[in-house]
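Open the model in a viewer and keep the selection panel at hand. The stops below can be followed in order.

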Amino acid sequence: MRGEGRAQRALTTKGEGRNGGSGDAPEPRGSAPSGPRLTIGARGSVARPGCYPQNLFLRMRLLLLAPLSLCLLLAVGTSAQKLPTRDEGLFQMQVRDKALFHDSSVVPDGAEISGYLFRDTPKRYYFVVEEDNTPLSMTVTPCDAPLEWKLTLQELPEESSGESSGEPEPLDQQKQQQATADEGTELFAYKGNDVESYMAVNSPSGLYQLEILSTEKDSSFKVYATTTPESDQPYPELPFDPRVDVTSMGRTTVTLAWKPTPTGSRMKQPVQYCVVVNKEHNFKSLCAVEAKISADDAFMVAPKPGLDFSPFDFSHFGFPSENDLSKGRSFANNKPFGNKVSRYYATKQKADIQKMCIGNKNIFTVADLKPDTQYYFDVFAVNTVTNTSTAYVGTFARTKEEAKQKTVELKDGKVSDVFIKRKGSKFLRFAPVSSHQKVTFYVHSCLDAVQIQVRRDGKLLLSQNVEGVRQFQLRGKAKAKYLVRLRGSRKGASMLKVLATTRPNKQPFPSLPEDTRIKAFDKLRTCTSVTVAWLGTQERNKFCVYRREVDDSYSEEHRRREQNQCTGPETRKKSEKVLCKYFHSPNLQKAVTTETIKGLEPGKSYLLDVYVVGHGGHSVKYQSKLVKTRKFC
């Protein structure tokens, strides 16, 4: 967590101010220059009579922007004085490290920036502290991979002793001074993937260098530095108990609760919470979550080598930034989640991770989880204005197992009625007593289609969707046991009739044609009768026709809801029966039968049903047909 393992913490009272440093006094405005001399000091510092870089902050500006500053100073000086020559070799040595000017960035005071590292390629950032006895806080947040970073205090260049005589220091002495300054004084070093901070109550003025390295892979990161940590408080503060608790748990849901951050209630800052769920591990930062979700949704895209400039490089020193320089370059994206914060939204997800931002409530139920599965849960407090975030202490939990269902035992040759709840499932077990060569399963789905799976001694033999009446014949095995799993429809509850037998000669259900619709002939329709037709099979079966008068408001939707193929003629009133007859045809092309239903009333609607009854007495209903007689004849 932020704040742990910090290297140095000066134990001074809160009342010590930032103005205790002994800065150089500025030269009086009216003082005369001592001579037209221009001296190149250590590490490229420029000293010119009458405008020495006495101010510490100015000297550090000149150090970071030495080439540009040098040109500006030369331009001013040449307008009034003739400048002396210089040691060109010495000057080139001082500015030979191009990376200091082109591959480095300045960390602004009080703003979080994003960066990108190529593997095994270190990057340097610089931060300026203008006065002695100044508080300093610097935080580095790894996103994709563990980082190695260290913070050093760079020694600032001093005016050379040869300024009074106009002679530069010897080259060997300059090189030795620059090598010592490049190393600097190491203040803090860290290696890992935690969000780690360096804090000091009293820091000396100077130029602080942050060097970051990723040895595992290309990686993104965030850096925040400030000299006013007490007033800034950029990251949402964690409560005294920062843990995420699991308050309830089911087979597919887990309810989480956590204590609210004081940043929202006490400091009146806009804060929302983001909940992250995955099956792998807990996350230590929100940018790590973003990097995991998608490279497109990460906080920044991998920049092009040599073009990774920070937008603060020039604007921080008073130079306007050019918009056209940003073309083709990858800058940090510090935009908040949006102008308007919704109470709940989810990011574009990968299959194994889910991020949901839920507003300012501190209780949330995660739904649509898988039973008997371990999940990791993280909560992040996010400042919606600055987009900075703080991680709570995550947790993990395993959802409950599915309730063990009773297995229905199937008896050889007997039909079993099965009811399944919506999206539910049932298990059936069939263990033949005698040896057998084949096993036949008959499944009659009364309503919508269901899924059937058959396993023999744990091995999957069959997996299909069933609608209407289906027959499955499997090869037998001595002393084998069969487990049947029936999975219900998503539309609603399911009703089935299931039979398993080792004697397939006795078929309990009647054979059905592929098309079980009833066709009505409109041209043969009269005021008192309608003529219908349906398909038969090659087997001789008994067909019974029933009719029922319905209101004009009765629609196909009502008919569909009432479609239950398992209800037989025994459920109908005797007054609704029209006739029963036997029919079959050796030629399937001619297995069509017609029937005229008489005794109807003009302009009335009727629902017609045809039942086919098998040899075992089990019946199957064709699809119902809604007809209407003519009103005038």
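Begin with the largest nonpolar core, which has 24 residues. A nonpolar core here is a set of buried Ala, Val, Leu, Ile, Met, Phe, Trp, Tyr and Cys residues joined through side-chain atoms within 4.5 Å; buried means under 20% relative accessible area, exposed over 50%, and partly exposed in between, with a 1.4 Å probe and protein chains only. Select Phe127, Tyr208, Leu210, Ile212 and Val223, the residues with the most contacts inside this core. At least two core residues come from each of E4, E5 (123-129), E6, E7 (147-154), E8 (185-192), E9, E10 (206-213) and E11. E7 gives the most, with 4 residues. Strands (E, at least two residues) and helices (H or I, at least four) are DSSP runs numbered from the N terminus.

The model is predicted: local features need pLDDT of at least 70, side-chain atom pairs count only at pLDDT 80 or more, and totals for chains, interfaces and linings use all residues. Residues are numbered from 1 along each chain as its sequence is written, and side-chain values use heavy atoms, with hydrogens and water left out.

Next, centre on isoleucine 212. Which residues is isoleucine 212 in contact with, leaving aside its neighbours within four places in sequence? They are Leu117, Thr121, Pro122, Lys123, Tyr125, Leu147, Glu148, Trp149, Phe221 and Val223, where contact means heavy atoms within 4.5 Å.

Now show the open sheet of 4 strands, ordered E4-E11-E6-E9 with antiparallel pairing. Two strands pair if DSSP finds at least two bridges between them. Strand E4 (111-117) and strand E9 (196-203) are the edges, each pairing on one side only. For E6 (residues 134-142) and E11 (residues 219-226), 6 bridges make the join; methionine 138 has alanine 225 in E11 as its bridge partner.

Move to the second, separate core of 22 residues, which includes Leu410, Phe430, Val439 and Leu462. Then select threonine 501, in strand E27 (residues 494-501). Threonine 501 counts as buried because its relative accessibility is 2%. Leaving aside neighbours within four places in sequence, threonine 501 is in contact with Asp412, Gly413, Phe430, Lys438, Val439, Thr440 and Tyr442. Its side chain also reaches the backbone nitrogen of arginine 503 at 2.9 Å.

Finish at the open sheet of 3 strands, E28-E29-E32, also with antiparallel pairing. Strand E28 (519-520) and strand E32 (592-597) each have a single partner strand, so one side of each lacks a neighbour in the sheet. Between E28 and E29 (residues 530-535) there are 2 bridges, and alanine 520 has valine 532 as its bridge partner.

Notes: A polar contact is a pair of N or O atoms within 3.5 Å; within protein, one must be able to donate a hydrogen and the other to accept it, and residues adjacent in sequence count only if both atoms are side-chain atoms.
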